[in-house]
Amino acid sequence: MNTDPDTGDVTLYFAPGSASMLVHLALLEIGTPYRLVRVDIGGDARRDPDYLHLNPLGVVPTLVVDGKVLVESAALLLILAERYPQAGLAPAPGGPARDEWHQWVVYLSNTLAATFREWFYPADLGALGTDPAVREALQRRIEAGWDRLDTHLAAQGPYMLGPGFSGLDLQVTMLMRWSRKMPRPATGWPALRRLADLVRSRPSWKKLYELEGLTEW
Ligand SMILES: N[C@@H](CCC(=O)N[C@@H](CS)C(=O)NCC(=O)O)C(=O)O
């Protein structure tokens with residue numbers, strides 16, 4: 001772990017380009033000070049007892065807010081959007097788009113992101129994980145997600161909630177990025193491509209690339 005000494009009362013444990021990217025982007029959009037701690041999810045550092053104490057699954061992200069340990073990237077987006085309403089990551093409670101906000105955050109997390117987890121971590125599925133038929137099924141499920149999102153965006157975009165940006169657009173674009181080396185990357189769907197271009201032109205995206213040392217889309 002590398003620790004940035006510039007601390008705030010928000011600390012994000014992250015790995016470049018991983019699920020922590022959503023939380024990091026949200027923090028950059030919010031503009032609140034935060035401390036960044038890099039976790040080596042490929043090596044032994046992931047099993048660092050101090051980190052496992054924070055997050056028993058040893059995965060990223062973990063967010064510590066005022067001493068409270070919080071996990072699950074989509075939940076962290078909901079938590080941050082509620083804690084910092086002025087950032088406009090979510091539509092206001094009671095407003096017309098609030099239900100859609102909840103619906104999409106959960107869909108993206110429990111369908112698309114969960115399938116990506118099995119795509120990137122075949123061992124989660126035991127011996128079946130590397131079975132070509134299973135790989136193919138996972139690929140098709142991810143592509144079905146792009147179909148669904150692209151249809152939605154073509155009809156109601158350019159952003160997930162219509163004319164205005166929200167945290168959902170960060171979530172979708174992070175997932176799209178994960179598909180870049182797949183046989184059919186998400187940028188092949190036109191309305192998704194348009195959304196990714198909008199999100200990639202935001203200062204938060206550019207800053208994240210700088211801070212996490214990312215280069216390729
Ligand atoms: N559902 C969790 C998934 C977190 C997750 O699987 N993170 C991956 C990186 S994208 C990780 O830490 N992998 C390391 C490992 O499983 O060993 C979330 O969204 O926060």
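**Accessibility and salt bridges**

Tutor: Arg 117 is partly exposed, its relative accessible area being 33%. This is a predicted model, in which local features need pLDDT of at least 70 and side-chain atom pairs count only at pLDDT 80 or more, while totals for chains, interfaces and linings use all residues. Residues are numbered from 1 along each chain as its sequence is written, and side-chain values use heavy atoms, with hydrogens and water left out.

Student: Why does Arg 117 count as partly exposed?

Tutor: Buried means under 20% relative accessible area, exposed over 50%, and partly exposed in between (1.4 Å probe, protein chains only). Arg 117 has 33%, so the residue is partly exposed.

Student: What makes Asp 124 and Arg 117 a salt bridge?

Tutor: A salt bridge requires a side-chain nitrogen of Lys or Arg within 4 Å of a carboxyl oxygen of Asp or Glu. The closest N and O atoms of Asp 124 and Arg 117 are 2.7 Å apart, so the pair qualifies. Asp 124, at 45% relative accessibility, is also partly exposed.

Student: Why is Lys 181 called exposed?

Tutor: Lys 181 has 65% relative accessibility and therefore counts as exposed. Lys 181 forms a salt bridge with Glu 216, the closest N and O atoms being 3.3 Å apart. Glu 216, at 38%, counts as partly exposed.

Student: Which residues are linked in a network of salt bridges?

Tutor: Glu 136, Arg 140, Glu 143 and Arg 184 form such a network. The structure holds 12 salt bridges.
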